[in-house]
Amino acid sequence: MSAHQVLLEAHEVAKHFGGVKALHDVSLTIRRGEIYGLIGPNGAGKTTFFNCLTGLYRNESGHFVFDGVKLAADAPHKAAEIGIARTFQNIRLFGNMTAIENVMVGRHLRTRAGVFGAISRNAATRAEEAAIARRAEELLHYVGIQERAHDYARHLSYGDQRRLEIARALATEPKLLALDEPAAGMNGTETEALRLLVEGICRDGVTVLLIEHDVKLVMGLCGRVAVLDYGEKICEDVPAVVQKDPRVIEAYLGGSVA
Ligand SMILES: Nc1ncnc2c1ncn2[C@@H]1O[C@H](COP(=O)(O)OP(=O)(O)O)[C@@H](O)[C@H]1O
Ligand SMILES: [Mg+2]
């Protein structure tokens, strides 16, 4: 695989919490333009992987290379600035802000004036602010919740809140969008809409890293899938192979992975 085809490499990333090895030398490679799935039982280390990747946690050893740049483990990076955006397993929105304001906050990470410049409101920042608002509206439309733009985030349904988080993440114009269980709590209709949205995001040029419990959704969406179990990557392949891997079936306690 040539260097320009690779977007993210994780090299033997390790993270402990006391005696718990949340990540044990996890290595994986994500190619540009793919939807890459990360699955595994509860507590397998999936969210911890996201937290290390996005600089929320510091991995004790190993490192990431993103878009050709090594991310130093000793100097926490700002994920949004280098082109990584994420959503959270436990939705993190500003409940007392409207949907569009939540997206604008994401967008401010990308602009010269920044969040504080936007508050001071001179002529230049006002123009920038108007552009941000227009872009935020487009993004709400893109994820399908434009009619909720001026509702408080906390008044949105669970599924719409998850979409709003995706819109906010996209506002940073990421190269990699990392979704932590985006279908959790969604009904069948919402999950199907989410599937179409993630496919569209990928088609529009954003690489997607997807943590998801809904195995059917993962197997249908992802080009390749890695399986974590007790902090170790036990399998990585195309869905058809992963589903038949005895270690994967074992990790899911013999439960259905199809
Ligand atoms: N902040 C933390 N402090 C202590 N232990 C943690 C913390 N975050 C995760 N862990 C532990 O690390 C392991 C992996 O957790 P997590 O990454 O959340 O798993 P997953 O997302 O796959 O369900 C679990 O044993 C969990 O209890
Ligand atoms: Mg998790």
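Mentor: Helices (H or I, at least four residues) and strands (E, at least two) are DSSP runs, numbered from the N terminus. This is a predicted model, in which local features need pLDDT of at least 70 and side-chain atom pairs count only at pLDDT 80 or more, while totals for chains, interfaces and linings use all residues. Residues are numbered from 1 along each chain as its sequence is written, and chains are lettered from A and ligands numbered from 1 in the order in which they are written.

Trainee: How many of the eight residues of α1 are buried?

Mentor: A residue is buried if 20 or more other C-beta atoms lie within 10 Å of its own, the C-beta atoms being placed from the backbone. The buried residues of α1 are K46, T47, T48, F49, F50, N51, C52 and L53, and just after this helix G55 takes a positive phi of about 80 degrees. Helix α1 is largely enclosed by the rest of the structure because its buried residues number eight of eight.

Trainee: Where is the bridge partner of L177, and which residue is it?

Mentor: L177 belongs to β7 (residues 176-180), where five of five residues are buried and both faces are covered, with L176, A178 and D180 on one side and L177 and L179 on the other. Two strands pair if DSSP finds at least two bridges between them; β7 pairs in the parallel sense with β6 (residues 84-86) over three bridges, and I84 has L176 as its partner there. Five bridges also join β7 to β8 (residues 207-211), again with the strands running parallel. In β8, the partner of L177 is V208.

Trainee: Which residue of β9 stands opposite Y36?

Mentor: Y36 lies in β3 (residues 35-39), which is largely enclosed by the rest of the structure because five of its five residues are buried, with I35, G37 and I39 on one side and Y36 and L38 on the other. Strand β3 pairs in the parallel sense with β8 over four bridges, where I35 stands opposite V208. A further parallel pairing over four bridges joins β3 to β9 (residues 224-229), and in β9 the residue opposite Y36 is R224.

Trainee: Which residue in the turn of the hairpin formed by β4 and β5 has a positive phi?

Mentor: Strand β4 (residues 61-66) runs antiparallel to β1 (residues 6-17), to which five bridges join it, with F64 as the partner of A10. Strand β4 also pairs in the antiparallel sense with β5 (residues 69-71) over three bridges, and V65 there stands opposite K70. The hairpin has two residues between its strands, and the one with a positive phi, of about 50 degrees, is D67.

Note on methods: Buried ≥ 20, exposed ≤ 12 C-beta atoms within 10 Å, placed from the backbone.
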